[in-house]
Amino acid sequence: MSLRDGPLNELRPPLAWLAVAALVLAGIVSLALFVNDHRGSPLDGVRGRFDGVAGAVGGVVSAPVHWVGDGAAAVGAYVDAGGQNGRLRAQLAQARQLEAQVEALREENGRLRALLQVKTDPPLPMVGARTVLDARGPFADTRLADIGSDAGVLEGNPALNEHGLVGRVVSVSPHVSRIMLLTDIESRIPVLIARTNGRAILTGDGGPAPTLDYLRTHDPVRPGDRILTSGDGGVIPRGLPVGVAVRSQDGWRVALDTDAGSIDLVRILLFRDFSQVVGPNALQPGALPSTSTDAPTPPASPAATAATAAAAAAHPAPKGQ
Amino acid sequence: MPAGVIQPLNPLTWLGAPALACAAGSLLLTLPVEIAGVGLPQPVLAMIPAFAWAVIRPSLLAPFVLILLGLFQDMLWGGRLGLWPSALLAAYAMGVAARPLLAGQGFWTHWGWYLAALGAGFGVAVALTFFTAGQAPDPGGLAIQVIATAAVFWPAWRLIETYEDADVRFK
């Protein structure tokens, strides 16, 4: 008797229908999750704990990547050294490996020096970080940095590399923070055009060059105009370099300054609000008008005042009163 | 094994192991590796089991394992929770629909339907992203990710070949 003729064959229709029902139920659960998830939702705690674990794992796993990157040039040099005898080859490889390491360290040192020279006006406190995980693609463009709330990082803090603004922090856990890059499809940053002081919103779309949306005033931008953060909204300080305006088929886009280098080392601005820039007292209002709702006493008219004075002169009060 | 006894698929081997492999692979692909200053493309590896599980046999567990895999992907990439579970389930549904047509077919037919499943999955992802961000993702970046995901079909084929005859109730 074949298996198809056996009694278990009768189980097929119910199991198949149950599987379809499970698929429909799973779809409903997924869509419900999607609709209810947003920044600030109770799921942020889960996300933060996941980032903490992923950051730790990523830090460990990405270390060999850096080592391999440093040693790749040395290995290539070793392969090219054919024809030498074994001892000289080994010495050459060792020397080149050291050279590659020195070169890598020199390059990293140069970048760190450049990063240290990144200053804001007025100066704001910053912390340095290395990115350990890297989500690239049309649906998400984020980096996980190995520094978190224990170093004072807050949600919304801007992140820069030595070339300009990279993005902003969207979630923080004690030891790691997630940076949403300017190119992420959900990124929106208020910017200004340096030449005209025109305002716009820099909108990421998952591609390499975000768009300039909501441009105000007529013809405010030309190709090559510098784009800076505007500070509008108070989340990011004004004047951080973003990029250069370029015209595309679908409007204006921005060639980002950060395209000039990788985003493995970043500095996070510990920017809370503008009281850091001008001092908290400057934001306090001065003398405010009274909020009393009592009817004010009407001021005496000049004519009435003169009549009162004349009456007083005509009927002086007796002495001694 | 005596004749006539059906050996059911062990969920740990046909669901658990591929899911763990996908999660590990996705984690490795998020390492900050750049070649000549360009990051490597990131395929959505979870599309592999999403299609293969649908073709192997109907399952009660598979959709919920896909939800877990999708949530892992969402949290790893820092996206909105629910985006990739929905996309993976759309690809899975396409695989379930194509299952009767795929019996006895070869590699290229399966790959063609895998592309259709990718179309369904990425279509749902684009639609949901449009719903929240108000715009569609960059076509160039989308094309790169779809092509990268289409290029990693071979593990799905291996998974299908390994398990498609394991449960004859659904042949």
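**Where the two chains meet**

I started with the contact between the chains, which takes 48 residues from chain B and 49 residues from chain A. Before going on, I noted that this is a predicted model.

Next I looked up which elements of chain B give two or more residues to the side that touches chain A, and found helix H3 (62-77), helix H4 (83-102), helix H5 (107-133) and helix H6 (139-150). H3(B) gives the largest share of that side, eight residues. I then sorted the residues of this side of chain B by class and wrote down 28 nonpolar, 16 polar and four charged.

**The core**

Which residues touch the most other members of the largest nonpolar core? My list reads B:Ala46, B:Ala50, B:Phe51, B:Leu66, B:Leu88, B:Ala91 and B:Tyr92, out of 107 residues in that core. H4(B) supplies the largest share of this core, twelve residues.

Leaving out residues up to four places away in sequence, B:Tyr92 touches B:Ala50, B:Trp53, B:Ala54, B:Ala62, B:Pro63 and B:Leu66, along with A:Leu23 from chain A.

**H1 against H2 in chain B**

Then I turned to helix H1 (residues 11-29) and helix H2 (residues 47-56) of chain B, whose axes come within 10 Å and cross at roughly 165 degrees. Is this pair roughly parallel or roughly antiparallel? Angles over 145 degrees count as roughly antiparallel, so H1(B) is roughly antiparallel to H2(B). I noted the crossing of H1(B) and H2(B) as right-handed.

On the H1(B) side, I found B:Trp14, B:Leu15, B:Pro18, B:Ala19 and B:Cys22 making the contact. H2(B) brings B:Ile48, B:Pro49, B:Trp53 and B:Ile56 to it. By class, this contact of H1(B) with H2(B) has nine nonpolar residues, no polar and no charged.

**H2 against H5 in chain B**

My last stop was H2(B) with H5(B), which pack at an angle of about 120 degrees with their axes 10 Å apart. That angle makes H2(B) oblique to H5(B). I put this crossing down as right-handed too.

Which residues meet here? From H2(B) I have B:Met47, B:Ala50 and B:Phe51, and from H5(B) I have B:Tyr114, B:Ala117, B:Leu118 and B:Gly121. The contact of H2(B) with H5(B) divides into six nonpolar residues, one polar and no charged.

Conventions
Residues numbered from 1 in each chain as written. Chains lettered and ligands numbered in written order. Predicted model: local features only at pLDDT ≥ 70, side-chain atom pairs only at ≥ 80, totals over all residues. Contact = placed C-beta atoms within 7 Å. Helix = DSSP H or I, 4+ residues; strand = E, 2+ residues; numbered from the N terminus. Nonpolar A, V, L, I, M, F, W, Y, C, P; charged D, E, K, R; others polar. Core = buried A, V, L, I, M, F, W, Y, C linked by C-beta atoms within 7 Å. Buried ≥ 20, exposed ≤ 12 C-beta atoms within 10 Å, placed from the backbone. Axes fitted to C-alpha atoms, helices over the stretch in contact; angles between N-to-C directions. Parallel < 35°, antiparallel > 145°, perpendicular 65-115°, else oblique. Left-handed = near helix turned anticlockwise from the far one by under 90°.
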